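Keep the structure open as you read.

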Amino acid sequence: MQEARNNPDVGVDPIDLRTLTRGQLVDTLKELGQPAFRAKQIEEWVWEKGATSFDDMTNLPKALRATLSSRFTLGGVQQAARQVSEDGSRKYLLRYADGTAVECVGMPSGNKLAVCVSSQAGCAMGCAFCATGAAGLTRSLTAAEIYDQVMHVRDDFDTRVTSVVLMGQGEPFMNYDASLAAMRKLNSPDGLGIGARHITVSTCGVIPAIKRFANEPEQFTLAVSLHSAVQRTRNALMPGVRKYSLMHLYEVMGEYVDKTGRRPTYEYALIRGVNDTEDELGALCDFCRDNLAHVNIIQLNEVKGSRFQPSSDARAGEFVRRLASVGVEATIRQSRGQDIDAACGQLKQRMR
Ligand code: SAH
Ligand code: SF4
């Protein structure tokens, strides 16, 4: 397993080399009397091979490796816990050098491997049904820290990662720059080379960030956690986005579709007696018809101590049928790793 590395030889905190831009890395190497191509060599080690030590970088001169390791760290994570589900998915609690821990999940199926990563440790949005929301925000992650989760899962499964979702802990659009930089690195041929359409970011609906995201050139996939198309219900379930009305969200998503031509996903976790009533279903159909929506009906994962309960499977089926009857594509998301607490935030809750 990869260990967090700290260098005892330096008086100041060494910088994580992965936070440097290509330009900054080239400048640093120039200062050290090194040619520019060294930057590419180092980046290959860091982003493609996932090196956690400068000693691994065997095509660099020994003296340079020593200098770099006196000045920089390579981040890295420690595995604090790992659970393996009967269905093959694996959930990890990973700890960064400062002690902050986040979770991520690897979900294999056939020759595919999907990875779910966290964008923040905790979350400030306070959704009523979410274990992460209940704990509040610890801090945002850097792009490299988000990327590290994918590398960790890749190394543990020892196979290629075919898709990534930013659906673990945290609100990626409250940590926009780092989340986008991580997605770009995952997409880049200099990183893991995962197709942009196979990289999905999920937001609770931070409107200024959705507008910004619509202008990004990559074909990344966008998922919006809707959970109710009735303003009062949504306000109660998702207080963190109360200031962005459903009407405004509807408008902005229309602009997103016009601009990108891409189909957004709406996530809808069914909660018995709260957002699974006839009125709620009617409002959901109205919100989603004619706007290229794909609706993901999710069975609520029960959070310990929560007053919310999942709806019946029959009700979930009814939602899908009714959405289909007004021309809206909808599926029921298979919940993976039920037996290992793979629900958002639950492993961490347990490890405390
Ligand atoms: N903050 C982002 C992404 C992380 S949460 C967002 O909210 O979209 C990933 C998904 O898990 C979201 O759709 C979220 O609403 C959902 N979720 C949170 N708690 C859940 C629970 N107890 N059961 C089912 N889904 C849950
Ligand atoms: Fe945060 Fe998403 Fe959980 Fe809401 S559902 S509290 S936005 S992680």
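This is a predicted model, and the mean pLDDT of the protein is 91, with 91% of its residues reaching 70 or more.

Now go to ligand 1. Around ligand 1 there are 18 residues, and the closest are Gly 170, Ser 202, Ser 225, His 227 and Asn 301. Sorted by class, this shell holds nine nonpolar, seven polar and two charged residues.

Some of these neighbours can be followed down to the atoms. Gly 170 places a backbone N or O atom 2.9 Å from a nitrogen atom of ligand 1. For Asn 301, too, a backbone N or O atom lies 2.9 Å from a nitrogen atom of the ligand. Ser 225 takes part through its side chain, where an N or O atom is 2.5 Å from an oxygen atom of ligand 1. How much of ligand 1 does the protein cover? Of the 530 Å² of accessible area that ligand 1 has on its own, the protein covers 94%.

From here, move on to ligand 2. The cysteines around ligand 2 are Cys 123, Cys 127, Cys 130 and Cys 204, and Met 125, Gly 126, Gly 133, Gly 170 and Glu 171 surround it as well. By class, the shell of ligand 2 has five nonpolar, three polar and one charged residues.

How values were computed: Residues numbered from 1 in each chain as written. Chains lettered and ligands numbered in written order. Predicted model: local features only at pLDDT ≥ 70, side-chain atom pairs only at ≥ 80, totals over all residues. Heavy atoms only, no water. Near = heavy atom within 4 Å. Nonpolar A, V, L, I, M, F, W, Y, C, P; charged D, E, K, R; others polar. Polar contact = N/O pair within 3.5 Å; in protein donor to acceptor, adjacent residues only side chain to side chain. Areas by Shrake-Rupley, 256 points an atom, 1.4 Å probe, with all protein chains shown as cover. pLDDT = per-residue confidence, 0-100.
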